[in-house]
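Have the viewer open while you read.

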Amino acid sequence: MIFKSFTTSKFKFVNFIELSKDAHKQIWQVRTSYEVRQFMFDKEVFPFENHLNFVERLKVDNTKLYYAIYDENNDFVGSISLHPINYIGRVADWGIYINPRYQGNGVSVEIANLFFDSIFSLDVLDKITAVVLDFNLRSIKFHERVGFKRERECDGQMFFVKERL
């Protein structure tokens, strides 16, 4: 596995396939909370069993990578994903969400920058892309703050790209 779990000075990025059922319960609760899902493409609440089945499929799908992010107190801060990963084109789409308890204090920018530094240092990807719903102004500003460039807009979505330096 190229993309292993890793630790930075302040955060642990743990691959979903390495987590316990209890950890997944917490991730699922945050992901299905209204505060998080209102900004997702899939806004519906889904059963915990569906989440566990998704994680099982991740174990055999190397085009999807999901990390749970924990702080130094081992509190769940959020999640970052790369999917699909195109190894030949050296590009992946990414997603991030932050536990509402940690939103609004700049932690997402810090996490994103640490993540990009770590992922790009593996020399597997040259670009990371993002799709943001056009009404999500907070996410648009966030992507611009962490170095994404706006590529285009279409059908209520904004497309961004971040290139490895």
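A charge sits over a ring if NZ of Lys or CZ of Arg is within 6 Å of the ring centre and within 35 degrees of the ring normal. What we have here is a predicted model, where local features need pLDDT of at least 70, side-chain atom pairs count only at pLDDT 80 or more, and totals for chains, interfaces and linings use all residues. Numbering starts from 1 along each chain as its sequence is written, and side-chain values use heavy atoms, with hydrogens and water left out.

The charge-over-ring cases look like this:

| Charged residue | Ring | Distance to ring centre |
|---|---|---|
| Lys25 | Phe48 | 4.5 Å |
| Arg152 | Phe159 | 4.0 Å |

Now for the rings themselves. Searching the whole structure turns up 17 aromatic pairs, where rings of Phe, Tyr and Trp (its six-membered ring) pair if their centres lie within 6.5 Å. One aromatic cluster brings together Phe6, Phe13, Tyr67, Trp94, Phe115, Phe116, Phe120, Phe142 and Phe148.

Trp94 and Phe115 turn up again in the largest nonpolar core, which has 34 residues; along with Leu82, they have the most contacts inside it. A core here is a set of buried Ala, Val, Leu, Ile, Met, Phe, Trp, Tyr and Cys residues joined through side-chain atoms within 4.5 Å; buried means under 20% relative accessible area (1.4 Å probe, protein chains only). At least two residues of this core come from each of β3 (65–70), β4 (76–86), β5 (91–98), α4 (107–121), β6 (127–133), α5 (137–145) and β8 (157–163). The top contributor is α4, with eight residues. There's also a second, separate core of 15 residues, which includes Leu19, Val36, Ala68 and Tyr97.

Zooming out, the protein has five helices and eight strands, taken as DSSP runs (H or I, at least four residues, for helices; E, at least two, for strands). From the N terminus, the order is β-β-α-α-α-β-β-β-α-β-α-β-β. The radius of gyration (over C-alpha atoms) is 15 Å, close to the 15 Å from the globule rule (2.2 Å times the number of residues to the power 0.38) for 165 residues, so the protein is as compact as a globular protein of that length. Of those 165 residues, 45% count as buried.

Key:
Phe/Tyr/Trp six-rings, centres within 6.5 Å; stacked < 30°, edge-to-face > 60°. Buried < 20%, exposed > 50% of the residue type's maximum accessible area, 1.4 Å probe, protein only.
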